[in-house]
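Here is a short briefing for a first look at one protein model. Take the topics in any order.

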Amino acid sequence: MVQQQTLKHLYQTIYSQAVSAECGLLSIGNSDGKLYIFDLKSGSASRESAVGDHLRSPSHVLNAHTDSIYSMISADTFCVTGTNGTITGRRWNDLRQQQSSIAWTISLDCDQANFGTPEVNALAYDNERRVIYAACGDWRTHVYDLETGKRLQTLDGHDDYVHDVALGQSGKLIASSAEDGGVFIWDPRSGREPRHKIFPHSHEQLARPTFGRFITSVDVDNDWLVCGGGPRAGVFHLRSLALTTVLPPSKIVHVAKFTRYAEGGDRGGIVVAGVMPHIYVCSLAGQVTAQLPCSSPCIYTVHVTRKPYTVMTYGGMSSKLDVCYNLNYRDHVVSLHEE
């Protein structure tokens, strides 16, 4: 039994994470459907006193879902998780009190005959309109009202499952990326057809036919879009749709995200991670400002937050979580399980 448990931990995968700055909590979702809750406030106190590790083991663990937790966001007072066919909200305050009660659940209304039960690969939240965007395995991005749970519209245009979805400033545009190799730019007011389509693999500087054309990650910041997958990670100017920067490294990319002006990072910086022994922090011009070691052979999730203090956490194909309090070096590694 102990041997089976050890093997299970070894082959665990971290897929998603979210932070509540108000409650000072970090939530990690894994392939076993569990939520691991970390207390960032106690970590802040530890940093200020310079006593012990900055971030210790999880304060508690919840059996949240029977399937993998592929995606997670913080939306108002809720920790929102996405799994196979379901989006679920739990109150951050309940999680701080170590309560596991579910506040609400949205069941995807999809074409079950053709797609089975589609997974929710990515989530994004528009806090002005209070709507949730869910990038799903049925080739679509569904838009739900947070208050009622009703589906408001569907962004339909990709020819394969949608990997990621990201919002521009003030929710004025939405970007989605998919297995078909496309990055689509949508107008949230209509959403019937994409305003623009970008195919990174069609650019010679990004194309890597041996890895494929899929785009697993997309992010938007002001006039800039970054994306990556089989093709190299690249930066596009949204006004001209021109490719401006090719980012390292040369392996498959699972994460390409802006750092959002975190302390210790380059303004407008970008994090690139995936199937590689390091993650890369780059400037908008493509200069590598930091190369940080990974405890996992493949990274699926990177989160950078500024409150209650700057912290970057990243994880993937292991039960280890790497922690940085400055984007220039890795501070330490946390295990989701007792050693």
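Predicted model: local features only at pLDDT ≥ 70, side-chain atom pairs only at ≥ 80, totals over all residues.

Residues are numbered from 1 along each chain as its sequence is written, and side-chain values use heavy atoms, with hydrogens and water left out.

**Terms for the strands**

- Strands (E, at least two residues) are DSSP runs, numbered from the N terminus.
- Two strands pair if DSSP finds at least two bridges between them.
- Buried means under 20% relative accessible area, exposed means over 50%, and partly exposed lies in between (1.4 Å probe, protein chains only).
- In a regular strand, side chains alternate between the two faces of the sheet.

- Strand β10 covers residues 131-136, and six of its six residues are buried.
- Val131, Tyr133 and Ala135 point one way from β10. Ile132, Ala134 and Cys136 point the other way, and all are buried.
- Strand β9 (residues 120-126) runs antiparallel to β10, joined by six bridges. Valine 120 stands opposite cysteine 136 in β10.
- The hairpin of β9 and β10 has four residues between the strands. There, arginine 130 takes a positive phi near 55°.
- On β11 (residues 140-145), β10 pairs in the antiparallel sense over five bridges. Tyrosine 133 has valine 143 in β11 as its bridge partner.
- The hairpin of β10 and β11 has three residues between the strands. In this hairpin, tryptophan 139 takes a positive phi near 75°.

- Strand β26 (residues 311-316) is largely enclosed by the rest of the structure, because six of its six residues are buried.
- Val311, Thr313 and Gly315 point one way from β26. Met312, Tyr314 and Gly316 point the other way, and all are buried.
- Strand β25 (residues 299-305) and β26 run antiparallel, with six bridges between them. Threonine 301 has glycine 315 in β26 as its bridge partner.
- β26 also pairs with strand β27 (residues 320-324), in the antiparallel sense, over four bridges. Methionine 312 has cysteine 324 in β27 as its bridge partner.
- A hairpin of three residues joins β26 to β27.

**Aromatic pairs**

- Rings of Phe, Tyr and Trp (its six-membered ring) pair if their centres lie within 6.5 Å; planes under 30 degrees apart count as stacked, over 60 as edge-to-face and the rest as tilted.
- The structure holds five aromatic pairs.
- One of them is tilted: tyrosine 15 and tyrosine 70 lie 5.3 Å apart, centre to centre, with 50° between the planes.
- This pair links distant parts of the chain, 55 residues apart. Tyrosine 15 is in strand β1 (residues 14-20), and tyrosine 70 is in the loop between β4 (60-63) and β5 (71-75).
- Tyrosine 15 is partly exposed, at 25% relative accessibility. Tyrosine 70 is also partly exposed, with a relative accessible area of 25%.
- Another pair is edge-to-face: phenylalanine 184 and phenylalanine 199, at 6.3 Å centre to centre and 80° between the planes.
- Phenylalanine 184 lies in strand β15 (residues 183-186) and phenylalanine 199 in the loop between β16 (196-198) and β17 (215-221), so the pair ties together parts 15 residues apart in sequence.
- Phenylalanine 184 is buried, at 2% relative accessible area, whereas phenylalanine 199 is partly exposed, at 32%.
- Ring pairs link Tyr15, Tyr70 and Tyr300 into a cluster.

**Cysteines**

- A disulfide is a pair of cysteine sulfur atoms within 2.5 Å. By this rule the count is zero.
- The sulfur of cysteine 298 is 9.4 Å from the closest cysteine sulfur, in cysteine 294, which is too far for a bond.
- Cysteine 298 is buried, with a relative accessible area of 4%. Cysteine 23 is buried too, at 9%.

**Glycine 85**

- Glycine 85 sits in the loop between β6 (78-83) and β7 (86-91). Glycine 85 is buried, at 11% relative accessibility.
- The C-alpha atoms of glycine 85 and threonine 117 are separated by 5.3 Å, yet these residues are 32 apart along the chain.
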